[in-house]
Amino acid sequence: MIGKFSGRAWKYGDNINTDVIFPGKYTYQKMEPEEMAKHALEDLDPGFVGKVKEGDILVAGKNFGMGSSREQAAVAVKYAGIRVIIAVSFARIYFRNAINAGMPAIKLPPAAAAIEDGDEVTVDMAKGEIVTPKGVFSFPPYPETVMNILEKGGLINYIKAQVEAPRGAGAL
Amino acid sequence: MSKTFVEKLMSRKAGKDVTAGEIVSIEPDFVMSHDNAAAISHTFKKIGVEKIKYPERVVIILDHEVPAPKESSAINHKEIRQFVQEQGIQHFYDVNHGICHQVFVDEGFALPGKLIVGSDSHTTTYGALGAVSAGIGRSEVAAVWAIGQLWFQVPETLKISLVGKMPRYLTTKDIALHIIGRIKSDGADYKAVEFCGEAVGYMDVEERLVLTNMAAEMGAKNGYIPPDYLTFDFVKGRAKVEYEPLYSDEGAKFCGAVEFDISKILPAVAKPHTVDNYCTVEEAAGTKIDQALIGTCTNGRLCDLEAAAQILQGKKVKARTLIIPASWEIYRAALKKGYIEIFIDAGAMVLNPGCGPCLGAHLGVMAPGEVTFSTANRNFKGRMGCREAEIYLGSPLSVAASAVTGEITHPGRFL
Ligand code: SF4
């Protein structure tokens, strides 16, 4: 499942914080991922949720996801349809939360700069390649552990599969 | 090859040589959670494992809403107690102990050379005792409960050296606010921070904890202070397990180094609504405050209460003043030293140890337009329960002085 993604790019700026990605007021109200998805980027781009399509790609500047450690900020974006995020840089906990939610987060400043809002972009995870109208950019493929987590659609599924698998299936 | 402290620790854990940037799957020595343990237990159950893999490594400390201010919090606590029973978790601290980070340190879980994770961003605190300790998400805690390990990217290390002599009226809180004002809230993003230099050597453990606690506000994965005789003295008699200290090698590769001469740092304030919105107390002087808060995992220790008592002795406060010792141990010590009586005589309210108003849960929530001057570590909009209120951060000395005058005041005025 973690092969290739193609979709429209949604481009935003620097220092996008978790409060505008998923407002704090919903953290103890919206418990299901599908419910969370309805509020993704609500305070940043109110038009996003209505228009985003399954398979689209989010592109941002530096320090994407700064602020709170809330996992919902990654989960909401994923369930809204976004398959991969490309940014100049990520806040540490957001990066982890994205991977753990099964959504690749790729730090690649030249690609993040080259992609324009609305561009058709293809990301090939196995090859480590991003194809944009302005050219092809490569990134080092993820280490095996991270690929395995993404492959399973997130950390919890990954661990679930592991504990359900017969003995000797290898450690995390 | 020369390695940093965190590279060494992660290499030891991984059983192979690793350097910054690599990803490893390793076993934390302890995993801390608090009132969010109920939510984590739900995720844990979804994984489909019956029993926690290493219950002896699990530490749960109830502190965020204690005692329960509403029915939902009470139900939350009850669920956690049941789960603790079912799972046979030994290291459980109920609502009558104190703030998680203080209790964790006092009970001897924070130890040199250990890898510690917790579902709280200020888990960085334990690095003051020479551990690698990082905040993680709730699902990640559930994962560690289930299989005992977790993936980590080995971080690069930023070296922050403190040199010079501590001037009068200055505290480690002012130093932390000054550093964050300079390097900003993403200044150490993804990185480990190693605090070193002669000035750190002179700080006692209580003061060092402030630096590593505030490392979270620099974006750091963890903050570390090389353990010395003060560290070993502190953990002696508390250590829950054996430990072996680790240090960065001579010649290890750091991604950056910053030096601060603390003799030039002035009492500092973080203005609303970010921790890196720095100014000096002098510059903020005169700002009217409605409430003063001395406590939290940053500044609720005995030395902080002593600093406040020094100023409040024989005076009356103008602002509503909340004093929260970080643990019941500290409360008892403050009682013996006579500080509690000084606070009550001054008209302050001494609250039970816990997080209380720090996250706006209860015990001193603000109204729109109000201003609190607090010794906590965060001043984000809405943090203390009201989006239209303002929070300034400062040292216990500055906050106590300001409580007396009702406006932000330099502590020198009373010392
Ligand atoms: S005192 Fe405040 S910052 Fe510290 S653990 Fe509690 S809520 Fe978090």
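The domain bounds used here come from an automatic or database domain assignment, and by them chain B is divided into domain 1 (22–153), domain 2 (155–240 + 247–265) and domain 3 (268–413). This is a predicted model, in which local features need pLDDT of at least 70 and side-chain atom pairs count only at pLDDT 80 or more, while totals for chains, interfaces and linings use all residues. Residues are numbered from 1 along each chain as its sequence is written, chains are lettered from A and ligands numbered from 1 in the order in which they are written, and side-chain values use heavy atoms, with hydrogens and water left out.

The centres of domain 2 of chain B and domain 3 of chain B, taken over C-alpha atoms, are separated by 23 Å. To their contact (heavy atoms within 4.5 Å), domain 2 of chain B gives 16 residues and domain 3 of chain B gives 25 residues. Between them these two domains bury about 1,700 Å², 58% of it on carbon and sulfur atoms, where buried area is the accessible area (1.4 Å probe) that two parts lose on being put together, summed over both.

Within chain B there is an open sheet of four strands in the order β10-β9-β8-β11, with parallel pairing; strands (E, at least two residues) and helices (H or I, at least four) are DSSP runs numbered from the N terminus, and two strands pair if DSSP finds at least two bridges between them. Because β10 (222–224) and β11 (256–261) of chain B stand at the edges, each with a single partner strand, one side of each is left without a neighbour in the sheet. From one strand to the next the twist averages 20°, an angle that runs from 0 to 180 degrees between the N-to-C directions of lines fitted to C-alpha atoms, for helices over the stretch in contact. Strand β9 (residues 192–196) of chain B pairs with β10(B) in the parallel sense over three bridges, and B:Glu194 has B:Tyr224 as its bridge partner in β10(B). Across β8 (157–163), β9 and β11 of chain B lies helix α6 (residues 172–183) of chain B, which runs at about 130° to β8(B).

The ligand has around it residues that include B:His64, B:Asp120, B:Cys297 and B:Arg383, where a residue is near a molecule if one of its heavy atoms lies within 4 Å of it. Since domain 1 (22–153) and domain 3 (268–413) of chain B both give residues to this shell, the ligand lies between them.
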